[in-house]
Amino acid sequence: MKKSHTFYIGVFVSLAYSGVASALSFETLPEPPTNLVVIDTPDDAGNSVELDWALSGTDIFNPLNENASDTDPSAIVSTYSIERKISDANGSELDEADSNWQKVSEAGAGESHWTDRTVERGWTYDYRICSVGNQGDSSIWCDAEPVTPVMQMFNMSKVWLAIFMLIFGGFIAYYINYARSGKPLWVRKIAGLEAIDEAVGRATEMGRPVLFVIGIQDINEIQTLAGLTVLSRVAKTAAEYGAQIEVPTCRSLVMAAARETVEAAYLAAGAPDAYQPDRIHYLTDEQFAFVAGVTGYMVREEPAACIYMGGFYAESLILAETGNHIGAIQVAGTAMPSQLPFFVASCDYTLIGEEFFAASAYLSGDPLQIGSLKGQDYGKFFSVLILVAGIFIASIISLSHSEEGLAVDSLNYIKNNMLGSEGLGSFGGGDTDIEGDDS
Amino acid sequence: MLKILQNIDRRWVFLSMLLAVAIPVLAKTVFPVNISPQTMMVFNAIEDLPEGSRILLSYDFDPASQGELLPMAQAFTRHCSIKGHKQYYMALWPLGPPMVDLSIDTIESEYPNLVYGEDYMKFDYKTGGEAVIRMITQDLRGMFELDSKGVSLDEIPMTKNIKNIQDMDLIINVSAGDPGTKQWVQFAATPFGITTVSGCTGVQAPQMYPYIPEQLAGVLGAIKAAAEYEAAIDEVYPSIASNPKAQEAKRRMGPQLVAHSLMIGLIILGNIIFFVSRKRGLA
Amino acid sequence: MKRTVPLIIAIIAGFVLLIANFIPYAEGWGLKAQEWFNILAVGAMILGGGNLVKLHLIKISGQRKGWGYSAVTIGCFVGTLIFGLFKIGVHPNEIYPNVGWSGYYLEGGSGLWWIYQHMIVPLTSMMFAMLAFYVATAAFRAFRAKNTEATLLLVTAGVVLLGQTYAGVWLFEGWLPESMQWLRFDHLTEWVMNIPNTGGTRAITIGIALGVVATSLRILLGVDRSYLGQD
């Protein structure tokens with residue numbers, strides 16, 4: 001490590017040398033960048049600062065450099081060099097090098113922004129930037145005010161998300177409470193779920209097993225949890241009827257969870273002795289090997305009912321077509337939009353997206369859960385209102401070709417603040433595009 | 001006759017599909033390709049970047065969808081190589097790294113002037129899917145300390161100055177499912193405004209179109225779009241047109257045409273049976 | 001007790017991570033939780049693998065119907081495990097030539113690579129390719145013009161199927177006037193994909209997202225406990 005005075009001497013000598021060299025060779029130095037502004041990144045944990053500067057006059061990517069093509073070749077900016085020093089370490093011990101100017105980054109020509117993510121919360125930093133020409137000549141430095149990154153307690157850019165969440169959660173909580181008070185709630189019939197009992201019943205009559213596939217996702221996916229809920233009901237019905245249930249799984253954790261679910265269901269049905277843990281078994285994590293295993297079972301054992309509830313991918317059609325071939329009653333439920341058409345084409349009943357998630361509330365018959373469904377509907381109504389309002393305002397703007405006014409302000413507010421990341425902000429204030437880089 | 005058709009063994013359907021695919025493959029039938037505006041969006045996203053731009057290529061598919069996605073992935077690799085972009089490869093699927101290796105083989109055999117570590121490199125495989133994306137948008141080394149050969153990123157010329165993938169000029173994602181394009185859009189493209197294009201399977205494509213143009217700069221859906229993309233590259237860089245390996249997707253359009261025609265034939269046949277039997281049922 | 005403790009863990013972890021999303025200091029907690037999940041999932045692999053081996057060993061020892069296949073399964077399982085764990089055929093990494101097992105596990109020419117290249121690749125590709133056949137039978141059986149909606153779907157399917165190939169252009173070549181070019185199937189396909197499909201997909205996606213939120217809230221509030229095995 002250099003001592004600080006040698007460093008300064010070095011800088012002086014190099015500056016003097018570069019000055020002499022350029023004077024001798026009549027080379028022009030690149031113009032420096034200007035207006036370096038360093039701010040603490042808002043809404044963060046105090047671990048980054050943002051640097052913005054105005055491009056050099058000899059940067060050919062500078063839109064203000066109108067004579068870009070005439071710029072002296074030796075002065076054309078190739079990069080910007082950014083240096084930093086720590087002026088206050090908030091009581092911590094510092095390396096000597098850190099309290100001197102040190103190069104921390106380099107930005108390409110045309111770039112006017114950099115985020116320093118290597119800062120410590122509460123420390124104070126100085127920054128400076130210079131442009132470096134094609135020949136390696138540096139311009140004079142452009143300095144900035146010192147900055148001290150601090151932590152914010154709440155991420156204000158997500159305030160609208162929090163508001164939406166509270167409204168949505170509020171609806172659900174209100175209707176759960178409403179249901180608790182004993183008032184009746186009506187839910188429309190979901191044919192696919194009604195069909196499950198019929199399917200299990202038929203399997204019992206035919207003396208053949210019921211196959212249940214909980215998708216191929218892991219237990220941390222919400223669709224797998226929704227699938228387990230339906231499994232719980234199917235297992236209970238099977239236990240009551242005395243039918244066999246077979247549950248091959250694609251993930252070990254799902255196998256463990258499914259065993260718990262089925263065991264509890266058998267217990268609840270008063271038939272704990274009929275529970276056979278080995279019928280709930282892990283096959284493989286590999287998607288198509290799993291399909292091969294399950295379809296192999298289907299062709300050999302010919303289950304009378306095949307129920308698919310969970311997250312599925314390309315295997316959906318292979319499973320459902322094989323089930324169709326063996327003549328099983330098939331009920332499917334998934335929230336994978338791309339797989340829905342295949343299930344609809346090949347199964348007797350399909351729970352589409354939301355219906356699948358509503359299954360647990362529907363099947364339980366528990367008023368609290370049904371209340372949450374009602375709350376969900378109001379949340380949906382609220383979302384549709386915003387959607388319609390947005391479409392309405394956007395249509396007005398596009399029909400009237402107006403570029404300012406109440407409508408434009410409202411649309412900008414919806415786009416940038418409510419759906420974007422500008423937080424509460426001020427109405428009619430910002431008009432920045434949420435896509436930033438694309439614009 | 002109607003009875004025979006009604007109870008037709010599905011194996012006859014299978015056989016006809018086999019022939020529909022096999023005959024054009026064996027006959028090497030190639031049809032002309034019309035380039036759609038959707039494909040041009042993807043092509044331009046890569047073409048318009050200045051030479052030496054940093055491109056992250058995440059190949060999130062496995063051998064199962066290799067037939068549908070590999071030609072597209074290879075076309076991305078060739079296009080980036082011709083343009084002289086810096087290519088950073090990674091894979092989110094456990095069986096994805098070998099797919100990347102196929103692209104690296106292509107670079108080594110067709111563009112021997114490109115140097116590993118300076119023009120292209122491959123990150124080590126890390127499990128975690130979307131968690132990997134979320135981490136590398138903030139801190140690349142927090143997830144990948146090494147490249148796939150075990151070399152530290154600080155020792156590789158093209159990675160030593162990269163802090164996170166916000167430093168990339170473009171993300172190209174070839175995706176067969178989750179984690180894939182959806183996660184790249186949710187955790188990288190949208191929050192950080194990193195321009196992203198996607199190549200995905202036909203089944204996924206309808207889900208990806210809603211992201212255009214703000215969250216995705218373009219989507220290539222299945223083999224048809226891959227063929228168009230190959231044609232777009234051929235037009236601008238005629239030298240590549242003579243490379244038979246760079247025409248894989250176009251070759252696959254032949255079987256696709258015949259197979260699709262067969263499907264339409266089957267649907268029509270199915271409906272004729274349906275209507276005739278309904279009429280007789282009523283009569 | 002057996003269900004109460006997991007329920008409490010789920011509720012606390014869920015709410016903490018939910019709130020962490022809004023607090024800059026806690027932003028990384030979600031990622032940490034995901035890492036913990038990955039660690040647990042790897043541990044659970046032993047559970048799953050153990051179960052697989054156990055079931056097949058029972059089948060073999062009891063010489064039940066099809067026990068030969070079980071023997072093949074166990075053989076493949078153990079074989080792949082050995083080739084993968086011991087990196088058989090993998091050369092040490094060039095940078096660390098003296099460190100055993102430092103090479104890339106799927107190095108070209110190694111044992112696991114051979115299994116991958118010559119078994120996994122063809123087998124999984126084969127399973128995926130079977131979709132072509134199943135799509136054909138499903139279309140043959142299910143695509144019936146039973147009512148107006150089904151007929152619309154049928155016609156759209158036909159247009160898109162042809163629009164995805166050169167036939168969409170070729171059928172209209174030479175006779176369609178310039179002003180009617182939008183009728184070409186490839187143009188119609190683009191329209192179908194960009195307008196009705198995008199609108200429909202957005203609607204389904206928004207509905208699903210709301211369903212996910214409500215289900216998550218039910219679980220977080222402890223209203224829905226069926227995933228823990230309680231109805």
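**Figure 1. Chain A as a whole.** Chain A has 11 helices and 13 strands. Its radius of gyration is 33 Å, well over the 22 Å that the globule rule gives for 439 residues, so chain A is more spread out than a compact globule. The model shown is predicted. Along the principal axes, the C-alpha atoms of chain A fill a box of roughly 100 × 55 × 50 Å. Of the 439 residues in chain A, 42% count as buried.

**Figure 2. The domains of chain A.** Chain A is divided into domain 1, domain 2 and domain 3. Domain 1 covers 4-143. Domain 2 is made of 159-167 + 377-438. Domain 3 covers 186-365. The C-alpha centres of domain 1 and domain 3 of chain A lie 62 Å apart.

**Figure 3. An open sheet in chain A.** The view shows a sheet of 4 strands in the order β4-β3-β6-β7 of chain A. The sheet is open, and its pairing is antiparallel. Strands β4 (102-108) and β7 (142-143) of chain A stand at the edges. Each has a single partner strand, so one side of each is left without a neighbour in the sheet. Strands of a sheet pair through backbone hydrogen bonds, either parallel or antiparallel.

**Figure 4. Close-up of β3 and its partners in chain A.** Strand β3 of chain A spans residues 77-88, and strand β6 of chain A spans residues 124-133. These two strands pair in the antiparallel sense over 10 bridges. Which residue in β6(A) is the bridge partner of A:I86? That partner is A:Y125. A second pair to look for is A:I82, whose bridge partner in β6(A) is A:I129. Turn now to β4(A). Strands β3(A) and β4(A) run antiparallel and are joined by 6 bridges. Here A:Y80 stands opposite A:A107 in β4(A).

**Figure 5. Where chain C touches chain A.** In this view, 48 residues of chain C are in contact with 61 residues of chain A. Which elements of chain C give two or more residues to the side that touches chain A? They are α2 (29-61), α4 (111-142) and α7 (185-220) of chain C. The largest share of that side, 16 residues, comes from α7(C). By residue type, the side of chain C that touches chain A divides into 31 nonpolar, 13 polar and 4 charged residues.

Definitions and conventions. Residues are numbered from 1 along each chain as its sequence is written. Chains are lettered from A and ligands numbered from 1 in the order in which they are written. This is a predicted model: local features need pLDDT of at least 70, side-chain atom pairs count only at pLDDT 80 or more; totals for chains, interfaces and linings use all residues. Two strands pair if DSSP finds at least two bridges between them. Domain bounds come from an automatic or database domain assignment. Two residues are in contact if their C-beta atoms, placed from the backbone, lie within 7 Å. Ala, Val, Leu, Ile, Met, Phe, Trp, Tyr, Cys and Pro count as nonpolar, Asp, Glu, Lys and Arg as charged, and the others, Gly among them, as polar. The radius of gyration is taken over C-alpha atoms; the globule rule is 2.2 Å times the number of residues to the power 0.38. A residue is buried if 20 or more other C-beta atoms lie within 10 Å of its own, exposed if 12 or fewer, and partly exposed in between; C-beta atoms are placed from the backbone.
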